[in-house]
Amino acid sequence: MASETPTLISPRPIAPENEPLLGRSGDVTQTSSEKIARNLITGSAGVAQVAIWILAALVWSRVLMQPPILFTAHPLLAISALLLQVQAALILQPTTSPEQKLLGTRIHYIIQLVSIIGFLSAFVVIEVNKGSHAHFTSPHGILGLITVIFIVLQSLVGVVQYFLPVTILGSVDAGKTIYKYHRWSGYALLLLESVVVVAATQTSFNKATIHIPTWPVVIALIIVLAGVGARIKKHKLGL
């Protein structure tokens, strides 16, 4: 009987050593058959999701362990707003076709609207809570004020470029010319918001009462930024 030649199973291809751990920038693209919800988990989005949800859970749990006071709403609203901002970025990044971009942009704006309300509410809560005490005395407070101003400006530009380009800018094409700047500033804003969160762990109230550790927050935010950053499509930034 002739001996059978054993069938060899080809090994899974190994990525080159110089391949980035989270993939090349902009590798993830939504296909025509994929539901837009998958954009929230495809590619490095899964990594970013794990990190941002762990961070949110850490903040929620530490804050809710304390007796509820007016201040309680501030960190809860702020971290929830940041969580939503990450979702808004992830849902839109892989879109390619006009139909995908249209749907993605609408979802993006809805999520961002809720997120902005969360950030503004968090800001109002802390200002009311401060009462007659000095305001904006800590790095967290100063950076928080700058961030809120940046958030408002970013949202206004987004509304103008997409919903009112003809009325404010004169034409739809004029609105499209500032899309890339809106994206650049959006990623810069996410970085700034991350710095504000880290600065919050250094406030005297956190150190004395809530005890949210700094290094887990730093690590989680680095992973979030890396996960979101790995999906950036350079051509959408004008590069």
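Predicted model: local features only at pLDDT ≥ 70, side-chain atom pairs only at ≥ 80, totals over all residues.

Trainee: What makes Glu-34 and Arg-38 a salt bridge?
Mentor: The closest N and O atoms of Glu-34 and Arg-38 are 3.5 Å apart. The rule asks for an Arg or Lys side-chain nitrogen within 4 Å of a carboxyl oxygen of Asp or Glu, so the pair qualifies. By this rule the count comes to one salt bridge.

Trainee: Why is Glu-34 called partly exposed?
Mentor: Its relative accessibility is 23%. Buried means under 20% and exposed means over 50%, so Glu-34 falls in between. Arg-38, at 40%, is partly exposed too.

Trainee: And which residues have the most contacts inside the largest nonpolar core?
Mentor: Those are Ile-52, Leu-55, Leu-82, Val-86, Val-217 and Val-228, in a core of 32 residues. Helices H1, H2, H3, H7 and H9 each give two or more residues to this core, and H1 provides the largest share, with nine.

Trainee: What does Val-217 touch, leaving aside its neighbours within four places in sequence?
Mentor: Its contacts include Leu-55, Leu-58 and Val-197.

Trainee: How do you know that Leu-84 is partly exposed?
Mentor: Leu-84, found in helix H2, has a relative accessible area of 27%. Beyond its neighbours within four places in sequence, Leu-84 is in contact with Ile-111, Val-114 and Ser-115.

Technical notes
Residues numbered from 1 in each chain as written. Heavy atoms only, no water. Buried < 20%, exposed > 50% of the residue type's maximum accessible area, 1.4 Å probe, protein only. Core = buried A, V, L, I, M, F, W, Y, C linked by side-chain atoms within 4.5 Å. Helix = DSSP H or I, 4+ residues; strand = E, 2+ residues; numbered from the N terminus. Contact = heavy atoms within 4.5 Å.
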